[in-house]
Structures are given as C-alpha cells and as structure tokens.
Amino acid sequence: MLSSILALVSVFQAATVASGQAITTLSSTQVESFKPYTLYTAAAYCTPSTTLSWSCGSNCAGNPTFQPYSSGGDGDAIQFWYTGWDPTLGSVIVAHQGTDPTQFLADLTDVNLVLGGLDPTLFPNISSSIQVHDGFADEQAKTAQTILAAVLTLLQQYNASSVVVTGHSLGAAIALLDSVYLQLHLPAGTRVSMVGYGMPRVGNPAFANYVDALNSSGSVPVTVTHINNKKDPVPIAVGISLGYAHPSGEIHIQDDGSTWDACPGQDNPSPLCIVGDEPTVAQGNILDHLGPYDGILVGGIVILGLCL
C-alpha cells in the first residue's frame with residue numbers, strides 16, 4: 001500500500017506549476033490507500049495513554065496490527081504525538097495532533113506568523129534563504145529529538161527503511177518540518193513519506209523548493225502529500241502575500257466529497273485545486289477542515305480520550 005502512495009506522489013511531485021501538467025483524478029483504489037494514514041492522523045487527537053495502549057476507539061481499531069512504541073504531549077503546550085510500527089505497511093509511523101478545531105481562528109491569530117530561519121542545531125547546513133513559520137518551528141522543536149530517537153530505535157528494531165509522518169492542521173505543519181528534519185539525521189537508504197491533512201503553509205518559496213527537491217535528491221528521499229478537503233480555509237489562511245508557499249503534492253477533495261484530484265506544482269491556481277477553488281478565507285467553510293476524508297472525520301469530538 002505504501003508503494004502505491006509513493007507511485008502516486010511521483011505523478012504530481014514537481015517544483016513549480018508548469019503549463020501542460022495534467023491534474024489527474026485518483027481512482028477509488030488510490031483514495032482507499034490513504035485510509036490507514038487518515039486513521040493514524042485522527043488517532044493523534046487522542047490522549048497519550050490511549051495511543052500508547054492503542055485503545056483510542058475506532059481510529060485505533062482501524063489499524064489493528066499497529067504496535068505503539070512511544071507517545072507524549074499535553075495537548076496544550078505540546079501537541080499530542082505518538083510513534084510505532086505498522087507491520088502491514090512495513091513502516092515506522094509518527095503522528096502529530098493538530099489544533100483544537102473550535103479554536104482555529106484564534107490560534108492562527110495568536111501564533112507567531114513571522115518567517116524565520118531553521119534552528120541550525122536541528123537543521124544543520126540549511127541555507128539561510130530557507131525560512132519557516134516561527135510558531136510551527138517552535139512546536140516541532142519541542143519533540144524533534146525525542147521523535148528522532150524513537151524512529152532510530154524502531155528502524156533498527158524492525159530492520160526497516162521506511163518512515164511515514166502524518167498529522168492534521170498544525171499537526172501536518174509539524175509533520176512536514178519533521179520530514180525535513182528526519183532526512184538530515186536518518187541513515188542513508190531510509191525513505192520518509194509525509195501525509196498531511198488540512199496543512200497550512202509552513203514556509204517561504206525557498207523552503208517549498210527545498211522540500212520538492214528532497215523527492216529526488218539526497219540519501220534519504222522525502223515524498224510529501226498534503227490533502228485538502230473541499231473549501232477548508234486552513235491551507236490558504238497563512239497567505240502567499242505574507243511570503244509563504246506550499247510545496248508540491250496537493251490532493252484536493254472536491255465538493256462532492258468523493259472526487260480526489262492530484263494537483264501538480266506549488267499552489268496550483270486551477271479551480272480544481274484549493275487556491276483556485278477558494279481564493280480567499282472568507283469563501284471557506286471551517287467545518288470542511290474536519291473532513292470527512294474518505295468518510296473519516298479528523299480532529300472532531302474527543303471524549304475521555306476516545307476520538308469519535
């Protein structure tokens with residue numbers, strides 16, 4: 001299943017939007033292949049005790065072979081996160097919680113929208129021209145080294161070479177930064193895949209170009225997929241006018257909820273992609289941020305640690 005997603009990503013992974021690049025509609029089989037990652041993403045909203053015991057309700061039950069390794073966060077100062085091994089996918093899994101959807105607009109107002117350089121202790125030898133959202137970078141830094149240690153242990157324990165990092169909303173932003181961070185520190189031959197949902201823009205065009213280049217360069221390739229649902233305002237809320245850009249890898253779920261289109265390039269302006277379909281946040285619908293993503297709601301109601 002992971003190989004089918006990697007093959008799909010290669011179809012639309014490109015540094016820039018170029019005329020003649022076709023927007024392609026995913027088959028039902030391709031859409032279905034994302035379900036395990038959607039469930040992992042939804043489970044990241046559950047408390048660490050329930051993800052560590054893998055007892056968080058239907059989102060955990062949907063990936064029954066998963067073997068949790070570590071978890072943490074308090075859902076406030078540090079977003080919930082967990083790691084583990086999926087023998088069915090043959091991959092290490094890292095998942096990050098997103099923002100509370102009821103607090104989304106206030107959270108975006110409160111966080112630091114200033115672009116800044118990446119921490120050189122975490123991201124060595126990264127060009128100073130590459131800048132990212134300070135608030136997102138601060139969140140990723142809180143768990144970066146803990147996540148790396150867990151991933152290295154799991155790769156060795158299972159003699160594995162694949163890592164999937166996933167998240168929704170703020171969790172997707174952290175996951176994207178994690179994927180860049182991990183490729184700098186993991187053994188050669190490891191493949192990192194990032195699957196994000198409702199991801200806001202994370203960095204400037206230089207950052208987006210750097211992420212795109214990781215798909216085909218370096219000893220640890222990185223593939224990025226960010227899935228946007230209908231008229232979710234989150235992916236465009238941190239605006240291009242502020243100096244931000246999305247990397248390639250967008251999949252846009254159309255208003256019918258069942259048509260998933262792969263949009264090549266960065267911030268594709270086609271009406272089939274989110275930038276063209278929803279030119280301003282005012283035209284968005286915040287409820288679309290929750291999904292459903294192929295029938296799965298993400299970041300919805302959490303009761304006693306169970307993500308329902």
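The legends below describe close-up views of a cavity and a helix pair in a predicted model. Local features need pLDDT of at least 70 and side-chain atom pairs count only at pLDDT 80 or more, while totals for chains, interfaces and linings use all residues. Residues are numbered from 1 along each chain as its sequence is written, and side-chain values use heavy atoms, with hydrogens and water left out.

**View 1. The largest cavity and its volume.** One cavity of 30 Å³ or more is counted (a set of points on a 1 Å grid over the protein atoms alone where a 1.4 Å probe fits but cannot get out). The largest cavity holds about 40 Å³, the volume being the space filled by probe spheres set on the points, joined across faces, edges and corners.

**View 2. Lining of the largest cavity.** I78, Q79, F80, W81, H96, E139, K142, T143 and I174 line the largest cavity (an atom within 4 Å of a point). Helix α7 (residues 134–157) gives the most, three residues (helices are DSSP runs of H or I, at least four residues, numbered from the N terminus). By class, the lining has four nonpolar, three polar and two charged residues (nonpolar: Ala, Val, Leu, Ile, Met, Phe, Trp, Tyr, Cys and Pro; charged: Asp, Glu, Lys and Arg; polar: the others, Gly among them).

**View 3. Crossing of α7 and α8.** The axes of α7 and helix α8 (residues 170–185) come within 9 Å and cross at roughly 50° (lines fitted to C-alpha atoms over the stretch in contact, with angles from 0 to 180 degrees between N-to-C directions).

Key
1 Å grid on protein atoms, 1.4 Å probe; cavity = no way out; pocket = protein on both sides within 12 Å on 5 of 7 lines; lining within 4 Å. Helix = DSSP H or I, 4+ residues; strand = E, 2+ residues; numbered from the N terminus.
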